[in-house]
Amino acid sequence: MPESDHVVPRLRGLAYGGDYNPEQWPREVQEEDAALMREAGVNLVSLGVFAWALLEPAPGRYEFGWLDEIIDRLHAHGVSVDLATPSAAPPPWFAKAYPHTLPVNRDGVRYGVGGRETACPSSPEYRQATAELARRLAERYRDHPAVVMWHVHNEYGAPLGECYCDTSLRAFRDWLRATYGDLDALNAAWGTNFWSQRYGDWDEIDLPRANHTVVNPAQRLDFARFSSAENLACFTLQRDILHEVAPGLPVTTNFMTTNCKSMDLWRWAPEVDVVANDHYLNAEQPDNHIDLALSADLSRSLGGGRPWLLMEHSTGAVSWQPRNIAKRPGEMRRNSLAHVARGSDAVLFFQWRASRSGAEKFHSAMVPHAGTDSQLWRDVVCLGAELQALAGVRGARVHAEVAVVWDWESYWALELEWRPSVDLRFRDRIDEYYQALWREHATVDFVHPAENLSAYRLVVVPSGYLLGETAAKNLRCYVESGGHLLVSYFSGIVDEHDTVHPGAYPGALREVLGLSVEEFHPLREHETVTLSDGATARIWSERVRPAGATVVAGFASGPDAGHPAITRHDLGRGTAWYVATSVDALRPVVARALDAAGVDRPRGLPDTVEAVRRGGYLFLLNHGDEPVTVPDVAGVDLLDGTRCAGEATVPGGGVRVIATGRP
């Protein structure tokens, strides 16, 4: 597919709608749905995501008449279709015919039917059946004017990331042969001389199943890579068929960028025609709108900065958290427009109409169980009208001067067993640095550590435990060429095989940081230390030895009292900062690095306000209860038509979108 700044070229304006499951309802409700969609301004629905049992009720018997009727009805009401291949939910007959395709967990337990993602992704029978169904759908609907996009599967890796069946074992061995070529290379990569694990035959290799002790971490890391690759192969199999039979229609699948650890989305993203993401707030998490911003920024970054699709979020409560808390008044609107601010050309929900049965019957929807005589429905209609007013935003890009390194392979490796502390969690470090950047009103892209970083004034590495030679050289070149690098502790420790870099820590980053680490000193639970600048810190301490770096702050207490805690190293035309602990007041540290890098950002705004520029549009979102006046704003508010001349007041809980006339 050609690269485009329009995520769905055949759709005008921003996409609005969500998952539609008409198979759950009688015809009279389906007819009411079509009329209500027009009232709400819906122009796109995802259709058929979990409809395999109806599309193929028995092996090789396909029934499309019911789907023909629904697509025709939607088209007549001006609603376009993102047509899904329903491979995420094999029907019961498939498990009966091929019981060996049911997934097996790490403990050796084979799962049963009744859920979803109930087939091993390495299964030839599963792949053949999904490929044939995708081809049948493409042949039937490739010319239907309502079908504007293909939606393969649903949330790969959630909930099934890995399968430990015998089919997976055979596929894993094949993957290892293709990756390493010979057993000598594999034994070297896995360090199999440790614990007498050296392999003399490919058939000796097992899956990293549950064990009474720790399984080889390099083997587990490779199995995570293999599992992501097997799922990706399932996607590309269907995608290639859809491209072949229905050329010109974009193909996507819905990622879960921050809620699904098991898929390496840097490898996935180039394989989709447009990035799509599902995001659900943790309702009990304080300031959960910051996690929303992180997810949106990561989605945009996966697509190289191009606009993306918010494929799913919720109008209110979800159905699967410990406490499914409804959204506050105005929160749905604000959440939706926050995604648009950060690059989404769509606001889509799960789902259109709340289900009466099944596992998700208490999940919120655009049409709730209360029906149209409800505040939620009125909010849905108002949001649809506002998105029509924002049609001009479609295709505009977000510009960022700061990048945060995010690497799924490092994520996997860091959170295996027997690390120096159980408190070394990838998302904790990412979240803390991202939150500090968000509160400093710095717009952020996410990057892989080996990609071109020259566009950024500041690059932040919150959690770079695994860092290969190529990525390490890339970071050094970035600094030498004038970039500013901010690195947090326990980064640059191992290579791509989870092997410690030779010499003192942090092996891959010693030279660029201008220091070495003599010994790690993880802190006890609830233990804190103080720094020479008065800050407190927790989780981690280490014995830093400068080798060219300048001490910015030192440890004033704890096992490393008198030694550096924060350093700065000038290298070439740039600077590398290092933070050797988890500072409670991280924002001043981040602000200092931002200022040194010359990052342009709004000043003086309260923490509650989110200010994001997308092309010629300024989005101002107030997550607090009190109104806030933002200075230096001029233009027309697309939501209410008022003109701002010098400042803009954003009401408590409100949003303003100002067409500034300049990028």
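Reader: What is the relative accessible area of R545, and which class does it give?
Author: This is a predicted model, in which local features need pLDDT of at least 70 and side-chain atom pairs count only at pLDDT 80 or more, while totals for chains, interfaces and linings use all residues. Residues are numbered from 1 along each chain as its sequence is written, and side-chain values use heavy atoms, with hydrogens and water left out. Buried means under 20% relative accessible area and exposed means over 50%, with partly exposed in between (1.4 Å probe, protein chains only). The relative accessible area of R545 is 48%, so R545 is partly exposed.

Reader: Which residue meets the side chain of R545 in a salt bridge?
Author: A salt bridge requires a side-chain nitrogen of Lys or Arg within 4 Å of a carboxyl oxygen of Asp or Glu. For R545, the N to O distance is 3.8 Å, and the partner is E518.

Reader: How many residues apart in sequence are R545 and E518?
Author: Strands here are DSSP runs of E with at least two residues, and helices are runs of H or I with at least four, numbered from the N terminus. R545 belongs to strand β17 (residues 540-546) and E518 to strand β14 (residues 515-522). The pair therefore ties together parts whose separation in sequence is 27 residues.

Reader: In the salt bridge of E417 with R220, which residue counts as buried?
Author: The closest N and O atoms of this pair are 3.0 Å apart. It links distant parts of the chain, 197 residues apart: E417 is in the loop between α13 (408-414) and α14 (426-439), and R220 is in helix α8 (residues 217-245). E417 is partly exposed, at 30% relative accessible area. With a relative accessibility of 18%, the buried residue is R220.

Reader: Are D297 and R342 buried or exposed?
Author: Their side chains form a salt bridge at 3.0 Å, N to O. D297 lies in helix α10 (residues 288-302), and R342 in the loop between α11 (331-341) and β9 (346-349), 45 residues apart. Both D297 and R342 are buried.

Reader: Which strands stand at the edges of the open sheet of seven strands?
Author: Two strands pair if DSSP finds at least two bridges between them. The order is β11-β10-β12-β13-β20-β19-β18, with mixed pairing. Each edge strand has a single partner, so one of its sides lacks a neighbour in the sheet; these strands are β11 (444-447) and β18 (550-554).

Reader: Which residue in β19 is the bridge partner of A553?
Author: Strands β18 and β19 (residues 564-571) run antiparallel and are joined by four bridges. In β19, A553 has as its bridge partner I566.
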